[in-house]
Amino acid sequence: MTDNTRQKQPSFLEYQGRYKGILGWILSTDHKRIGLLYLYTMLFFFSVAAILGILMKTQLLAPGETIMGPQTYNSFFTLHGIIMIFIIVVPGLPAVFGNFFLPIMIGAKDVAFPRLNLLSWWVYIIGILIVLTSQFTGGGPPDTGWTFYAPYSFQTPTNVLPAVFGAFVMGFSSILTGINFVVTIHRLRAPGMSWLKMPLFPWTLYGTAWIQILATPVIGITLLLIVAERMLGIGFFDPALGGDPILYQHLFWIYSHPAVYIMILPAMGVISEIIPVFSKKSIFGYRAIVLSTMAIAFVGYFVWGHHMFTSGMSGRALFTFSFLTFLVAIPSAIKVFNWVATMHKGSLHLHTPFFWAVSFLFVFMVGGLTGLVLGALATNVHLHDTHFVVAHFHFIVFGGTGFAFMGAIHYWFPKMFGRMYDAKWANLGWGIFFIGFLSLYLPMFYLGMMGMPRRYYDYLPEFHGPNILSSLGAWVMISGILIIFANLIRSARSGPRTSEKNPWGGKTLEWQVDTPPTLENYDEIPRVDETPYDYRDYTGIDNPNN
Amino acid sequence: MTIHRDDLGDKFGMWLFIFTELLLFGMLFVVYAVYRSMHPEAFRIAAEELDVALGTINTVLLLISSLTVAMSITAIQKGNKQRALQLLGVTLLIAIIFLVNKYFEWGAKFEYGFYPGSEVLQELGFGTILFFGLYFFMTGIHALHILIGIGLFIYVIVQMKNDKIHQTDYVWLENTGLYWHLVDLIWIFLFPLFYLIH
């Protein structure tokens, strides 16, 4: 595709556009720069929310008040949830790696609507700013939890309004990104790349984008109803005016359950990219992964009721939601089998991204199977609103999406920055993080089964032991995060430069463009006639530079 | 750098946006259905307070405006800029008249004390409170869409005057038209649900 005589074009990092300095970034419509803008925003807010988390775990080190009182604890878990869910994991992988790599992986020069893409980031930032004002104005930081359950969310004197409205605004950003990706995938695939020749990360982004388009408006209108409830007293969720708070829960989860798949589907896509590359083996059951992706996106709409088993529903509704919940586990399990089968008899290359991918499999299975414990009607009644639930969704959302995010950044880092990170520190960070993660969340399963409720700043003395382990785990995990971040930030600024196009021996298109990519990715749009992940020609000899 | 242009892609994007709008209103229709089934009698009585004549006029107006915007697309396709501008002007005018009617309609409701949080409603019971809550919220969100539509029409008219929208590049107008049909369509459902069914 490229010959050596071609003049080297500046990379997207160096390219001098209409604006200089920071304006060249925040006004750039280049999908790669926008992806990095999201990345930096998320890194910052992740650090904030992680600090909130560590403070909460420190509070739970011993029964009674240690470092904060109940009201502070309530506002901490609320802000922790809002940041982690609405600012980080929901936009997460699509906004950062989808923006950066979707066009490159399907052989396009940019997304379908580059200006809309920049607008999405701006809307996202405005939403964040609105949410932040809730912390410093009015009746104090919100204390409702990120779910804003009625009727408390319109009765509490704390400043819920900006938080809800900010989340509403961020929904727009999500919708616009979704529309952009669906149109991009439909219209801009390289010639010859039929649907079943598309790599799996774009496939999962496709499923995710549809959920973003079809589910986000539901939360949008629901949050707007909360705003109207607080400001005008329209009474839809207020029993004193004839409204029904349970209806709020339905509307909320009609979005928020599919949103879980917004979080996890792209993570599955990343894992599907990493595993074949480091196993040097064609992905096992490409079509099964594609189909299960779309099946998850579809069935995921019909399981929201499993969040409400104890809220009051008819027996028939309970059975149906429970049954559908078990159904949606099947496509996820199919994927796990595919990944394991891909590794089977492969030539495993133990690099950092592969460590993250394999540990993803482990935590994802624990998270998924405990999800079934919660999806079963009888056990749900016992475990509802306990620490078991907290442990479960941290295994899925942090363990699933978080591990995939870390895997993705270690996988694509050389391509994104044209520099290499220090593998020793990266592996060490992973090890410490993994150990910390397990000792932080595994005791929570036990605590939940013993009956420790979630969202309390205090607990009974008999829960003390496991809580100590859990809090220590949190400190270990944060040390791992510090090592990983320090290594990545240092390497992005001053790591050894590399212009190696394909350091890992990947087969997808992003490994054929320059490192780092040029402004338009391709001089000439490539033609794609082969399926991705074809390793039949692998000879066992790796790239000597690697 | 070549300018990338893909009219079909642009319209595809607009259709996806329309899906999101349908789901947004769809959830409100769900809320309506739930509360109507809980308070059928109160909803029937409360509906009689609405001005069917004014509602009908607004419905007819919106239908006509959907026609005029579609005709303006045909006009620009045929290269008749003047006619297209006239038809867009009519559409814009109708959109404004719709809001003026809405203002009088809402004003009358406020005069009689039929608004969320009023004392009159408190005495009339849950069903009536919910009916007027839904009425104001749903027609309010719809009116917001009309306002956005007015903004879009003004933008399209200015762009057409400056020949940025012309016979071979009119996807902005087409997408505005699609949006306007959506606003019309939502009203086609709102009108019978609030004004007509007993």
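## A helix pair in chain A

In this predicted model, α5(A) and α7(A) run roughly antiparallel to each other, because angles over 145 degrees fall in that class. The angle at which α5(A) packs against helix α7 (residues 160-187) of chain A is about 165 degrees, and their axes are 7 Å apart. The crossing of α5(A) and α7(A) is left-handed. In the contact of α5(A) with α7(A) there are 16 nonpolar residues, nine polar ones and no charged ones.

## Overall form of chain A

Chain A contains 16 helices and zero strands. Its C-alpha trace spans about 75 × 45 × 45 Å along the principal axes.

Of the 546 residues in chain A, 54% are buried. Among contacts in chain A with a separation of 6 or more, 83% are between residues 24 or more positions apart.

## Cis peptide bonds and positive phi

Most residues other than glycine have a negative phi, and most peptide bonds are trans. Chain A has exceptions of both kinds, described here one by one.

Which residues does a cis peptide bond join, with omega about -15 degrees? They are A:Thr515 and A:Pro516, and A:Pro516 is found in the segment after α16 (464-494) of chain A. The peptide bond from A:Ala150 to A:Pro151 is also cis, with omega near 0 degrees. A:Pro151 belongs to the loop between α5 (114-136) and α6 (152-155) of chain A.

The loop between α5 and α6 of chain A also holds A:Phe148, a residue other than glycine whose phi is positive, near 50 degrees. Is A:Phe148 buried or exposed? A:Phe148 has 24 C-beta neighbours inside 10 Å and so counts as buried, the threshold being 20 or more. A:Lys345, likewise not a glycine, has a positive phi of about 60 degrees. A:Lys345 sits in the loop between α11 (315-343) and α12 (352-375) of chain A. With 9 other C-beta atoms within 10 Å, A:Lys345 is exposed, since 12 or fewer is the limit for that class.

## A buried threonine in chain B

B:Thr176 is located in helix α7 (residues 171-196) of chain B. B:Thr176 counts as buried, because it has 24 C-beta neighbours inside 10 Å.

Leaving aside neighbours within four places in sequence, B:Thr176 is in contact with B:Leu152, B:Phe153 and B:Val156. B:Gly149 is 27 residues from B:Thr176 along the chain, and the C-alpha atoms of the two are separated by 7.6 Å.

## The contact between chains A and B

How many residues does the contact take from each of chain A and chain B? Chain A gives 27 residues and chain B gives 22 residues. On the side of chain B that touches chain A, the elements giving two or more residues are α1 (7-38) and α6 (126-161) of chain B. The most comes from α1(B), with 13 residues. By residue class, the side of chain B that touches chain A divides into 15 nonpolar, six polar and one charged.

Key
Residues numbered from 1 in each chain as written. Chains lettered and ligands numbered in written order. Predicted model: local features only at pLDDT ≥ 70, side-chain atom pairs only at ≥ 80, totals over all residues. Helix = DSSP H or I, 4+ residues; strand = E, 2+ residues; numbered from the N terminus. Axes fitted to C-alpha atoms, helices over the stretch in contact; angles between N-to-C directions. Parallel < 35°, antiparallel > 145°, perpendicular 65-115°, else oblique. Left-handed = near helix turned anticlockwise from the far one by under 90°. Nonpolar A, V, L, I, M, F, W, Y, C, P; charged D, E, K, R; others polar. Contact = placed C-beta atoms within 7 Å.
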